[in-house]
Amino acid sequence: MKQMTKILLAGLLAGASLHAESEPVAKPETTKQSQSPVEVTTRSLQLKMVKTPKGKKVKKWVRATEVVPGDTVRYVNTVRNRSGHNIEKVRIVNPINPHLVYLARSAKCAGGCTIRFSIDGGKYFAAPKELFVKMKNGKKRLALPKEYNAVEWVIDAIPAGENTTVEFKARLK
Amino acid sequence: MTGRSIITGRRKRDSTKRKVKCWIFVFSLLGLWSSAEGEGTAAGTAVSNSVTIRFQIAGSAATQTIQSNTDTFVVDRVADVRIDWMDTGPVEVGPGESDRVLRFLVSNLGNGDDNITLGYEHNSTDSFSPPPQNIRLYRDSDGDGVFDPSTDSQVSLLPLAEDANATVFIVADIPSNPDSNLSRDGIRVSSSWTATAGPEDPQAVDVVVRRGEDLAEGIYRLRDYHLESHKSATIHSSDGQVHTGTRITYTIGVTLKGGAGEVHNVIVSDTIPAGTEYLPGTLTLDGTALSDAADGDAGSYDSAQRLIRVDLGTLSQSAPGETSRNVAFEVKVQ
């Protein structure tokens, strides 16, 4: 019923946005990666001291295998457009695991994008300056970065055959 | 004419008790044990991440949604032990005193249980000699912050859950002839976990040692103040000799000498010498008359026991010097 309502409204208000998201005009298809020419992968990384071939110790982002409370984890999400067409209105959503705390100003993207956050598990996204928490006394305050529980990157277009990455960092509680 | 005066008193001790409880409360709040934002994620917890992408192929109105892979790592165990000395300052002790206590707080800041080893250490380079004797380590089993051998347990191993802490005491006897005024005595704590260096497997629970051991020292400091008493007799006789009927005034001086400090519950008591009788109404404190009855003032005379008693309360001084009180009474030679 909810999906039908969305379709009806989309038909009446073509091109308009509802709430903070662009609503689909047709039922979206969720596709397994193996079937799609567009692929998104996620990797967790941590900063570790490693030895270079010359024996020098340097800090390097490596796959997260030894994470303990207090450590910073960097998530890098890569989108590969293997289709023969440009893809548009690209929206990447990454829920933040409850054991992690988002690190302020760590979300970024390789190209141009709009970054927004959610504090309700991904139902509503907004820019940091527009994301509010309602307090018990009825007043509202700006949400703190540590309260974010989902990140969204919106990219206008990814050309055919190209890749791009988006990422953020979080601290393990 | 002889008499025996008895001076009793209790030195300032453990008014640090309230301050210790306050410090424990403050330390807990401060999150020095890294628990200000909640407990650390337990070792072995799987932390997963996956991403959703929505897009439209150029020229098509259809929105497609793709789910990413799920990336998972398992939280490793971190060993992190800490100990802090909890007394608010050096613990004042006297030569020969027994069961003197230093307080410590042991914390497990790791994300799993730890069976922590406790070891006593004496800093011989900066302490009096001979060192404190009969060293024992106790856990504050009833959690009241006060050492009590009837309720607290002697320990060498301290099992603590993640993010838990416990109070531990060093209990020692002070030597009777120390050669200086300070002794530094502490406890070294050691985690039961050692680091593992396995293959780089995000699913394996390795052990990371953040702080495998820690040491905290407490200080015993010898008191540099003490009580002295002195008794004198003034014979009221024209020839300076004692005859039947001669009055004698006895004066007992009690003096706090040395550095700043205080002694509580100081009581002077003296038996009327044989062969004399106490003259009623002659008991004074610093020249002020005291009643013989056991009433609201500081003094009394017990005729059955032939005993005068004066409660001086607390003798204290805030700077080095002497602070004296004088008790006097008269007798008549029989």
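## A pairing across two chains

A:Arg91 stands opposite B:Arg54, a residue in strand 3 of chain B. Strands are DSSP runs (E, at least two residues), numbered from the N terminus, and two of them pair if DSSP finds at least two bridges between them.

This is a predicted model, in which local features need pLDDT of at least 70, side-chain atom pairs count only at pLDDT 80 or more, and totals for chains, interfaces and linings use all residues. Residues are numbered from 1 along each chain as its sequence is written, while chains are lettered from A and ligands numbered from 1 in the order in which they are written.

## Pairings inside chain A

Let's stay with A:Arg91 for a moment: its bridge partner in strand 11 of chain A is A:Val154. Strand 5 (residues 87-95) and strand 11 (residues 150-158) of chain A are antiparallel partners over 8 bridges.

Strand 11 of chain A also pairs with strand 8 (residues 114-118) of chain A, again antiparallel, over 5 bridges. Here A:Val151 in strand 11 has A:Phe117 opposite.

## Where chain A touches chain B

Between the chains, 41 residues of chain A are in contact with 37 residues of chain B (C-beta atoms, placed from the backbone, within 7 Å). On the chain A side, strand 1 (29-31), strand 2 (38-51), strand 4 (72-81) and strand 5 each give two or more residues. Strand 5 of chain A gives the most, with 8 residues.

Terms used. Helices (H or I, at least four residues) and strands (E, at least two) are DSSP runs, numbered from the N terminus. Two residues are in contact if their C-beta atoms, placed from the backbone, lie within 7 Å.
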